[in-house]
Structures are given as C-alpha cells and as structure tokens.
Amino acid sequence: AMIAELKRQSSHLPTITDNRIQDFLRKPCGTRQTSKMKTVNVFLQASIEKGVLPAVVALLKRCTQTRLNKTNEDGRALIHYAAVNCRADVLSALLLAGCDVALPCHTSEQRPTRTLALHLAIQSGGLEAACCLLRYGARVSVADDEGWTAIHHAAF
C-alpha cells in the first residue's frame, strides 16, 4: 500500500526548485548548513538523512541511475544512509527509483565489504526499514565481514 501511495504522490507533485528544497531542509539542518548545500548530491544525502520525503522524491527525478548506486568517500551509497537513519519511506522511494538492495558498503580505500543496507538497518534498530528492504528482496542469509548475518545482528 505504501508503494502505491508513493507512486501516486510522486506522479502528482510539481517540480520543486532548489530554493524550495533548501526551505524543506532549513528546519532539520539549520540555516547555516543549508546555505552551504550547492549540488544535487549534497541535497539528496541531507534529505535522506533527515527523512524529508518530498525533497527526496523531487531530487530522485534529477538523479541518474549511476548516481543512485555510487558510494561516496565514506564508502556508503544513498541506500545505506536511509538504512542507518531508519527511513522506511525514503528506502521505498530509493528502491522504486532503482537503488540496488544488495549494494555493499565500501572501505575508505573503496574496497567492497560484505555489509549491506539490511545489516545497517538492523544494527540501527530500524524494524520498518528492515521490513522494507526484505520486501524488496534483501537476502537475510548474506553474512558481513565478521560472518554475521542480519539475524545475528537482530539477536545481538
């Protein structure tokens, strides 16, 4: 039901300008930090971390498929930030836009690890986020670098 509602809402939304997105982010991020945001990537990451769904949906329309699954200097992609911050609605929007549910994090040297968004969501205590990832096909049996599956993290 949430997926259908997201599709319905995103098709009826007008184009949101950068100034309007800054307005969305001004309260959760602060005026000073928001005024420093200049690129779509920075806007998108901040919108995901703060859970500002209208801004995320508007910015996803401007993103390429490559950008959705690209990791930054911290070794995380957009889906990882949504999982860590337990944003199930944002995760649904990202996955509908084409994010890979099985995308691993990377180390600072840009080597892939086996930590997935599902591991991060469960470690952060995000039950809704974990359920959302499972609905989109995340595999519970995949172990991270320490040999722990998502179930191990949930039990611990």
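This is a predicted model: local features need pLDDT of at least 70, side-chain atom pairs count only at pLDDT 80 or more; totals for chains, interfaces and linings use all residues.
Residues are numbered from 1 along each chain as its sequence is written. Local features need pLDDT of at least 70, and side-chain atom pairs count only at pLDDT 80 or more.

**Exercise 1.** Determine how helix α5 and helix α8 are oriented to each other.

*Solution.* Helices are DSSP runs (H or I, at least four residues), numbered from the N terminus. Helix α5 covers residues 53-60 and helix α8 residues 88-97; they pack at an angle of about 10°. Angles run from 0 to 180 degrees between N-to-C directions, and axes are lines fitted to C-alpha atoms over the stretch in contact. Angles under 35 degrees count as roughly parallel, and α5 and α8 are therefore roughly parallel. Contact (heavy atoms within 4.5 Å) involves L53, V56, V57 and L60 of α5, together with D89, V90, A93, L94 and A97 of α8.

**Exercise 2.** Identify the side chains that meet in a salt bridge.

*Solution.* A salt bridge requires a side-chain nitrogen of Lys or Arg within 4 Å of a carboxyl oxygen of Asp or Glu. The structure holds one: D145 with R114, at 3.9 Å from N to O.

**Exercise 3.** Explain which parts of the chain this pair ties together.

*Solution.* D145 lies in the loop between α10 (127-135) and α11 (150-155). R114 lies in the loop between α8 and α9 (117-123), so the pair ties together parts that are 31 residues apart in sequence.

Terms used:
Side-chain values use heavy atoms; hydrogens and water are left out. Helices (H or I, at least four residues) and strands (E, at least two) are DSSP runs, numbered from the N terminus. Angles under 35 degrees count as roughly parallel, over 145 as roughly antiparallel, 65 to 115 as roughly perpendicular and the rest as oblique.
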